[in-house]
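I opened this entry to keep track of what I look up in the structure. I will go element by element and then turn to single residues.

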Amino acid sequence: MKLYEKVISLIKKDISQGKYKAGEKIPSEPELMKLYGVGRSTIREAIKTMAISGILKVQQGSGTFVNNSFQEVSIEQRLRRADFDDVNAVRRLLEKEIVKLATQNRTEEQLQEIEQYLENRRLAIHAEDAQLCADTDIAFHTAIAKASSNTVLSDLYYSFTLIMRNFFLAREKQGISRFAMNHHLHEQLFKAIKNKKTNQAQLVLQRILDNNY
């Protein structure tokens, strides 16, 4: 994470905790530099990025204000409230592109990591550990997201894993049957990514998501 991104996270945290309220002016550049222990250029980059995203509003001659329309609820919190069907529909679009890029961009080191998580998933199934099955399944798909070499897609996918984890645990009250039933599809997905077969990887992914209930 770049330094200005860390400052953005800190400012957003302060906003969410009520330190800077909607419509109120935030401290000046020199004050922010002292508060967050960074230089002027870092503060300016953070402010510019937050202004573009609509969190802050810069008024020449007056200062920088928290936008009145800024929603303090994070995307993770919104996803927790979302209907799973809606989440799964967006996940299809997201993972389809992730898998496509992963087949094109994955490195040998990333392949080894994906394969290790696949093996961990198999071991979790044999151990009949529902929590571990959820963790290893998510780790497997997250490793694929990282192999896409697109940090935005990878970050978005991480947000989705929060709701997915809760869903898995609610779904698997009776055991680990769903994880066991589609493990062979995860093996096929890994092989398709390894062999750089984009269409095949996307078809297998579709089958995995079709049996995700």
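**Hairpin**

I started with a bridge: Val 58 has Thr 64 in β2 as its bridge partner. Leu 56 is bridged to Val 66 in β2. I then checked the sense of the pairing: β1 and β2 run antiparallel, with four bridges. Strands count as paired if DSSP finds at least two bridges between them. Three residues lie between the strands of this hairpin, and Gly 61 takes a positive phi near 85 degrees there.

**Ground rules**

I note that this is a predicted model, where local features need pLDDT of at least 70, side-chain atom pairs count only at pLDDT 80 or more, and totals for chains, interfaces and linings use all residues. Residues are numbered from 1 along each chain as its sequence is written, and side-chain values use heavy atoms, with hydrogens and water left out.

**Whole chain**

I counted elements next: the chain has eleven helices and two strands. These are DSSP runs numbered from the N terminus, with helices being H or I of at least four residues and strands E of at least two. Along the sequence the pattern reads α-α-α-β-β-α-α-α-α-α-α-α-α.

How much of the chain is buried? Of the 213 residues, 40% are buried. Buried means under 20% relative accessible area, exposed means over 50%, and partly exposed is in between (1.4 Å probe, protein chains only).

For contacts between residues at least 6 apart in sequence, 68% join residues at least 24 apart. Contact means heavy atoms within 4.5 Å.

**Helix α3**

I looked up α3 at residues 40–52. This helix has 13 residues and reaches 18 Å from its first C-alpha to its last, close to the 18 Å expected at 1.5 Å a residue. The expected span is 1.5 Å times one less than the number of residues.

Which residues of α3 are buried? They are Thr 42, Ile 43, Ala 46, Ile 47 and Met 50. These residues sit on the same side of α3 because they cover an arc of only 130 degrees around the axis. The arc is taken from the directions from the helix axis to the C-beta atoms. I jotted down the background: an α-helix has 3.6 residues a turn, so residues three or four places apart point the same way.

The buried residues of α3 pack against α1 (3–16), α2 (29–36), β1 (56–59) and β2 (63–66). The face turned away from the buried side of α3 carries the exposed residues Ser 41 and Ile 52. Just after α3, Gly 54 has a positive phi of about 90 degrees.

**Val 38**

I found Val 38 in the loop between α2 and α3. Val 38 counts as buried because its relative accessibility is 11%. Neighbours within four places in sequence aside, Val 38 contacts Leu 3, Val 7, Met 33 and Ile 43. Val 38 and Leu 3 are 35 residues apart along the chain, with their C-alpha atoms separated by 8.1 Å.

**Cores**

I went on to the largest nonpolar core, which has 30 residues. Such a core is a set of buried Ala, Val, Leu, Ile, Met, Phe, Trp, Tyr and Cys residues joined through side-chain atoms within 4.5 Å. Ile 98, Ile 114, Phe 140, Ile 144, Leu 189 and Ile 193 touch the most other members. At least two residues of this core come from each of α5 (84–105), α6 (108–126), α7 (130–147), α8 (151–171), α10 (183–194) and α11 (198–210). A second, separate core has 16 residues, including Ile 8, Ile 11, Leu 32 and Ile 47.

I followed up on Leu 189. With neighbours within four places in sequence left aside, Leu 189 contacts Val 99, Phe 140, His 141, Ile 144, Ala 201, Val 204 and Ile 208.

Is His 183 buried or exposed? His 183 counts as buried because its relative accessibility is 8%. His 183 lies in helix α10. Sequence neighbours within four places aside, its contacts are Leu 118, Arg 121, Arg 122 and Ile 125.

I checked Asp 155 in helix α8. Asp 155 is exposed, at 52% relative accessible area.
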